[in-house]
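Thank you all for coming; I would like to take a few minutes to walk through one model with you. Please have a look at the sequence and the structure first, and then I will go through some of its side-chain arrangements.

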Amino acid sequence: MASLAEWVEGARPRTLPAALAPVVAGSAIAWFENAFSPLLAGLALVVALALQIGVNFANDYSDGIRGTDAARVGPLRLVGSGAAHPRHVLAAALACFGIAALAGLAVVVITGHWWLLAVGAAAIAAAWFYTGGKRPYGYLGLGELFVFIFFGLVAVTGTVYIQLDGVTAATWWTAVAIGALACAILVANNLRDLDGDRAAGKRTLATRLGDAGTRRFFLGLLGVAAVGVFGVAATSSWWALLGWFMLVALIGPIREVARGVTGRALIPVLKQTGFAELACATGLFLGLVIAH
């Protein structure tokens, strides 16, 4: 049980922000447009949370059976550490994907947008093939791109679309801001695991860019997120600039990444960047509620 608690603690910096932030930020747009639906927003949150927990289990399983966690410096992994049987971790991943599928089906039934089933299937496939299958895209340096697409563009625009039955310009700027921050969390994670991934032959984007390039990429993503918040404000209300509250949480990550910390010293950077993503979404929500 202690091992599971350690695993949950290690997964939290990516799980909660990636699940909560897109739904909170997307619901801010829906509220501003007088279309907020607690039921649909709640279902979107179930989908996002189940997918993110599922992808954590799936990554744990796939990396564990490949042996790529042998030189890991990050938090405990269930399969790699031997704390859980691979079949049990796989079953947990599939159960989470099943919950996400059921919640997504409920959204489709309520809204009548049956084409969203294809989007949901693509999201589940992306969650599995990040580290699963014969040629996982996470091992090809494409993880950040897919995180930006599915935990930014798809998650935010989907949350808005099911409530508003359409999207606005502010929706896309919101998706860019949230996607960039979700991407930054993964970049920090891969920067932390840079040496271990190289040794295991895991060709993440960080191993391709190198240490210095990955740090510049991380800082650039934070800049993109800040511009995204400005874009939301310019296309909705200047109250949306409350999303810049994230900058308070980013002081530490910017300082630590810029000064070159490595390995386990980057774990707080992941957590603080996750808090920044939530702070951005919460600030946008508060700002657009005030504006409305």
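This is a predicted model: local features need pLDDT of at least 70, side-chain atom pairs count only at pLDDT 80 or more; totals for chains, interfaces and linings use all residues.

I will speak about the nonpolar cores, then a surface patch, then the salt bridges, and finally the aromatic pairs.

Residues are numbered from 1 along each chain as its sequence is written, and side-chain values use heavy atoms, with hydrogens and water left out.

Let me start with the interior. By a nonpolar core I mean a set of buried Ala, Val, Leu, Ile, Met, Phe, Trp, Tyr and Cys residues joined through side-chain atoms within 4.5 Å, and buried here stands for under 20% relative accessible area, exposed for over 50%, and partly exposed for what is in between, with a 1.4 Å probe and protein chains only. The largest such core has 39 residues, and the members that touch the most other members are I178, L181, F218, M246, C280 and L284. At least two residues of this core come from each of α1 (2-32), α6 (143-164), α7 (169-192), α9 (205-235), α10 (246-258) and α11 (267-291), where helices are DSSP runs of H or I with at least four residues, numbered from the N terminus. Helix α7 provides the largest share, eleven residues. To take I178 as an example, and setting aside residues up to four places away in sequence, I178 touches A21, P22, A25, F151, V156, E277, C280 and A281, a contact being heavy atoms within 4.5 Å. There is also a second, separate core of 24 residues, with C96, A127, F151 and A182 among them.

Now to the surface. Which residues form a nonpolar patch there? They are L102, L105, V109, W114 and L117, which together have about 500 Å² of accessible area. Patches are made of residues with over 30% relative accessible area and no salt bridge, with like charges joined within 9 Å and nonpolar side chains (Val, Leu, Ile, Met, Phe, Trp, Tyr) within 5 Å, and the areas come from the Shrake-Rupley method with a 1.4 Å probe, where for residues only the protein chains shown count as cover. Helix α4, residues 86-111, gives the most to this patch, with three residues. L105 lies in that helix and counts as partly exposed because its relative accessibility is 36%. Leaving aside neighbours within four places in sequence, L105 is in contact with W114 and L117, while its C-alpha atom is separated by 35 Å from that of W244, 139 residues apart along the chain.

Next, the charged side chains. Side chains of opposite charge can pair when their charged atoms come close. With a salt bridge taken as a side-chain nitrogen of Lys or Arg within 4 Å of a carboxyl oxygen of Asp or Glu, the count comes to four. One of them joins R192 and D193, at 2.9 Å from N to O, and both partners are under cover: R192 is buried at 4% relative accessible area, and D193 is buried at 8%.

E256 forms a salt bridge with R255, the closest N and O atoms being 3.3 Å apart, and R259 forms one with E256 at 3.0 Å. These shared partners join R255, E256 and R259 into one network. Apart from neighbours within four places in sequence, E256 is in contact with R215, V261 and V269.

Finally, the aromatic side chains. A search of the whole structure finds nine aromatic pairs, for which rings of Phe, Tyr and Trp (its six-membered ring) must have their centres within 6.5 Å, with planes under 30 degrees apart counted as stacked, over 60 as edge-to-face and the rest as tilted. The pair of F146 and F150 is stacked, because the ring centres are 6.2 Å apart and the planes are at 15 degrees. Both residues lie in helix α6, four residues apart, about one turn of the helix; F146 is partly exposed at 25%, whereas F150 is buried at 18%. F230 and W238 form a tilted pair, with 5.4 Å from centre to centre and 55 degrees between the planes. Ring pairs also link Y130, Y137, F146 and F150 into a cluster.
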